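Here is a short report on a protein model. Look at the sequence and structure first, then read on.

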Amino acid sequence: MSTKFFTNDDGNTLLKKFEGIFSYNKIDYFDAIVGYFRSSGYFKVRPLLENVPKIRILLGINVDELVRAAHKKGLEFHGNAEVIREKFVEGALSDISSAKYDKETEKGIEQFIQDVMDGKLEIRAHPSKKIHAKVYIFRPEPFNEHTPGSVITGSSNFTVQGLGAGKENVPNYEFNVLLNDNADVEFAKNEFEKLWDEAKDSKILPEDVEKIKTASHLNDEITPYELYLKLLGEYFGSSIDYDPNSLGDLPPNFIKLRYQIDAVNEAFGMLEKHNGCVLADVVGLGKTVIAALLAKKFLLNNGKDYTKILVVYPPALEINWKNTFRDFGLDSYTKFITNGSLHKIVKGDLDYWELQDYDLVIVDEAHKFRNHETEGFKNLQRICKAPKNIDDVKDKRKKVVLVTATPLNNKPEDILHQISLFQDTKMSTLPITNLTRFFSQLKEQYQELKRSDELNIEKLREIYEKIRKYVVEPITIRRTRKDILNIPEYRDDMKKQGISFPEVEVPHRLEYFLGTELTEIFYNTIFYLTDEDKIQYFRYQAIWGLKPEVQVKYYENAERVAKSLTFIMKTLLVKRLESSFYAFKKSLNSLKISTDNMIQMFEQDKIIIAPDLDINKLLDKGLSFEDIEEEIKLLSDTNSQNNVFKKDDFKSEFLNGLKKDSKLLTELLNNWENIARDPKLEKFISCLNEELLNPKTNPGGKLVIFSESKDTVHFLQNELEKEARNDIISITSGNRKNKYNEIVNNFDANIPKEKQRDDYNILISTEVLSEGVNLHRSNVIVHYDTPWNSTRMMQRIGRVNRIGTVAPKILNYVFYPSAEGDAQIKLRKTALMKLQAFHTAFGEDNQIYSEEEILDEVKLFKGEIKEEDDERLKYLFILRNLKKENPELIEKIRKLPLKIRCGRSNKPDYRNMSVAFIKTKIKNEFYLIKDETGASEITPIEAIKIFEALSDEKPQTLIENHHTHIQSALYAFQISEENNNKLSDPTAKGGEANRAKSFFGELNKHEFVKTEFHNQLKLVVKLIDKGTYTNLSTDIVRLQKKTKKDKLQITEVITELKKIFKNYDIDFHKSEEIRERQKLEPQLILSESFT
């Protein structure tokens, strides 16, 4: 049965009805009454209106909103025509801003403007009635009972969606009626004429629509210079504003330095956006002070009555942190704890607030938490991730500040584990949603590079460039000395305070030669230490030596653990050989004694093995060589949890292996017994007075020497004392605390002159002084051996390269490993990989180890140093200075609409190319588009340099394929985001996470699982999918394996799971709102093309 009603089902849209009416009828007047009008709707209908001489549209406006706005100003709203017209222009601009960026749409917009200018289209806005009607009247002229007309009314607005011309997956449901009776059309016409007359003073004038063109991206008078400034403004955002008073007053002994204030303001924005940040300024620029300033700003914003702060630090830095926070008046809001005592908070120690009570957590030397398997990491993550104990706040996440000059120590995942203290690694707020998958792929690439014989530095850089762009930059504050010296405002600040930075010279290479006899012994020693038929370190393979049926009862992965322990002991001996012959002989003798002790245990039929000899855990504690050896010895000999075995528990070949090791060790000791020469020491002593203490290059006469071996430290002190030096102080972990004041008084340039002493001029230390102490009365540093963790070299140099250093140059001397030893442990390659990775991911002032290191984008040769600098700062200050000198221009630029563009002709290298800036709330992307290759991503600095323009440059006409280029960039952005979202899919959460959820699925089928526990499982699944806790899935999968292996009952499984849930504070997350990451629509900010 025929009906006058229609819906938009099956494509029967309002636009289809329009097409039928305009195609088969002579229409002279098209009148519309609509509550919502969008110019984009008009664009869609405009082709149908080509032969319609008169179009009239009567708009409804939000009268209530205008009345409220007037009342706020103490005025009455009387249908002010100017306000109504402004409201129309505002809505039209918003509509144009959200319209598709293509040539067809822009032609429609321009046609809309032209129609108003020509009088073809007339628009009025009713000044008093809040119109909700949707009425469309079609009639000829003249119109009477003999001439056909039509009227449509119903739910559809004059918008793309209302017309049914959009591409929504789920379009609005529309219900309309088409009336053709003359009486109905006459009634609608008369009602329209009445309302139209009432709106005669609210006519949208040609000058109003002209404003639409000039105030939208269609304005073709935007200059390249204005576009360049708009780019800088959008990219830097609120960073352009410098407010030195936002932090309140500083203590009298502290100075407001602009670079520190900028760091605080930028870091505060990161805390708000990402719940955390990394303060990673190079060593010596005052990160502790910046952290204190940031804590003060947080306190002022969060409220003094509601803020609780936790500061975590190594024991050596306790005095510094407590003194600084006391000076800033923060100590009463703060609890202080060493990084080895975090278990006290987790266990509810009454000296601390409860773990969910903290609002801000500051972690100094955060790189010490780079390994997710340590108890320290697990405790800290619990503290950082436990939701705040506040009922009336939706976002209960804590803010976390990581303080470290060396966030990257070994591997790419170092960074992942540190930022997982405030980021959910599978649903992050960063440009990469699934950080776990992202780093997993990079880890594979990194391992492949390590396996290759030749280090491919460019490949290494590619890995860390990705990390820098997608992970580091959004959450990291890192300024080098060059950054500060490059910015006049920063430089002047330093000059006023009498502060200057010394120049760090290229590393000086110290090499020594063994001679014929020592070379033969050296090679023979390396052969004994590393050959498969020689020393096998059976003393440290005891768990592998157990019979398989015994192994399985006590140890997991016995062979892997034994191999890793053997490897590290072999490496330690080779490195000790490189450190000093004295240290090597001591270590060799220690291994011989330890091996003989185990042989004696066999004779007594009582063999003791430590419960945990996982060397990876020992390494990741950041221990020195001595600490590692002593820890192994402690675990092996004195641990109360040691297991005791009989000789029958071991494979028959194990005891034979021990005896062979003992025999070979005896042979080696005999070979070295009469060796008194140490060519490395001879080289060092010959350089001491001629070079290292030369007054021309070392005006302060102070020298700092680092070695990883405390035996080498003591050896050097003894040997130098034989040279009649009585001004030597040696420091190890055993005496650091007791000697602290002597270190400070003799080597810290920051203490008052009257307290400075010269009792000691040569300081020899292990790694205990590579952090947390000033040694900058010295400007010469010697690396007597190469650290296993070579980024420690950065920290070592930072002891002398600090604010307040008095000498004009820093001299950095490096003893390179011999070719013989280096071949075994690849130490030089390892050092270079780690340092280059750091340069690329974070940037650094100077070369640390080798002339092969690349800083910025230039490979260094012939000792020329090119420091890494942050070019973004230069452009930030261009904008800041312009705001100071010409605030009117900056305000004009701020008001420019999005999507603005222009053509240019003065860059021939980019002829027929376009460049676009696209962003969402969480990331910025820049694209260079070519006809041949499409859109390719470029860095912000590359884009800024392309957009950079002089103030007198004139705009040119856009190239023909400009819109196609920009669509290509938008599509590339969309594909990138889709690929990122795929990584967020639950199926991409990783095998371990899926196994844990599968385990839960099996448990849920069991009748013993009650509703309360079922709800707990659902909550844990959400936390697993988000990647909130790094080790949660691992612990659950471990229980799953144990369940199968030990055939646990369901009640036992539930009991064990509840223990796991308690360890991760699952109950605290019940009230936390679990957010899903929303799909973010890209916004075209601006673009330009080159003719």
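The text below covers a sheet, a loop residue beside it and a surface patch.

**The sheet**

This model is predicted. Five strands form an open sheet, ordered S25-S29-S26-S27-S28. Their pairing is mixed. Strands S25 and S28 are the edge strands, and each pairs on one side only. On average, neighbouring strands of this sheet are turned by 20 degrees against each other, direction ignored.

Take one pair. Strand S26 and strand S29 run antiparallel and share six bridges. Ser-914 has Ser-1089 in S29 as its bridge partner.

A helix is part of the picture too. Helix H9 (residues 224-236) lies across S25, S26, S27 and S29. Helix H9 runs at about 135 degrees to S25.

**A loop residue**

Leu-898 sits in the loop between helix H35 (887-895) and S25. Which residues does Leu-898 touch, not counting those up to four places away in sequence? They are His-217, Lys-230, Glu-234, Gln-1083, Leu-1084 and Ile-1085. The C-alpha atoms of Leu-898 and Ser-97 are separated by 7.0 Å, yet these residues are 801 residues apart along the chain.

**A surface patch**

Phe-5, Tyr-173 and Phe-175 make a nonpolar surface patch of about 360 Å². Phe-175 belongs to strand S7 (residues 175-179).

| Residue | Place | Relative accessible area |

How values were computed
Residues numbered from 1 in each chain as written. Predicted model: local features only at pLDDT ≥ 70, side-chain atom pairs only at ≥ 80, totals over all residues. Heavy atoms only, no water. Patch = residues over 30% accessible without salt bridge, like charges linked within 9 Å, V, L, I, M, F, W, Y side chains within 5 Å. Areas by Shrake-Rupley, 256 points an atom, 1.4 Å probe, with all protein chains shown as cover. Salt bridge = Lys/Arg side-chain N within 4 Å of Asp/Glu carboxyl O. Helix = DSSP H or I, 4+ residues; strand = E, 2+ residues; numbered from the N terminus. Pairing = 2+ DSSP bridges. Axes fitted to C-alpha atoms, helices over the stretch in contact; angles between N-to-C directions. Contact = heavy atoms within 4.5 Å.
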